[in-house]
Amino acid sequence: MRLDKFLKISRIIKRRSVAKEVADKGRIQVNGKLAKSSSTVKIGDIVKIGFGNKTMEIKVLELHESTKKEDAAQMYEIVSETRNENV
């Protein structure tokens, strides 16, 4: 599944266009490598996302097309979440 689509369906980022913009600005890594919005995400991948004042690291658990809120929470688990004080 495309990275931007995964971020939208999992509800980590609300809009696919915003997910694309964040990825294309170099704020997302998949398994330690910079990722573009078109990068493929697989089960077991570690995705690190840099938001304005926090960094979130998640592990991909499931991939599906369902947009139900209950299903979105099961798609990933948070590995770590840190606040950036210097921003």
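Ser-10 lies in the loop between helices H1 and H2. In this model, which is predicted rather than determined by experiment, the relative accessibility of Ser-10 is 2%, and because residues under 20% are classed as buried, Ser-10 counts as buried. When residues up to four places away in sequence are left aside, the residues that Ser-10 touches are Ala-72, Met-75 and Tyr-76.

The strands of the model were examined next. Five of them form an open sheet, arranged in the order E2-E1-E3-E4-E5, and the pairing between them is antiparallel. Strand E2, which covers residues 33–34, and strand E5, which covers residues 76–83, stand at the edges of the sheet; each has a single partner strand, and therefore one side of each is left without a neighbour in the sheet. In general, the strands of a sheet pair through backbone hydrogen bonds, and this pairing may be either parallel or antiparallel.

The pairings can be followed strand by strand. E1 and E3 are joined in the antiparallel sense over three bridges, and within this pairing Gln-29 has Lys-48 of E3 as its bridge partner. E3 is also paired with E4, again in the antiparallel sense, over five bridges, and here the bridge partner of Val-47 is Ile-58 in E4. These two strands, E3 and E4, form a hairpin in which three residues lie between them. Strand E4, made up of residues 54–60, is in turn joined to E5 by seven bridges, with the two strands running antiparallel; in this pairing, Glu-57 has Ser-80 of E5 as its bridge partner.

Not counting residues up to four places away in sequence, Leu-3 touches Ala-23, Ile-28, Val-30, Ala-35, Lys-36, Ser-37, Ser-39, Val-41 and Val-47.

Note on methods
Residues numbered from 1 in each chain as written. Predicted model: local features only at pLDDT ≥ 70, side-chain atom pairs only at ≥ 80, totals over all residues. Heavy atoms only, no water. Pairing = 2+ DSSP bridges. Helix = DSSP H or I, 4+ residues; strand = E, 2+ residues; numbered from the N terminus. Contact = heavy atoms within 4.5 Å. Buried < 20%, exposed > 50% of the residue type's maximum accessible area, 1.4 Å probe, protein only.
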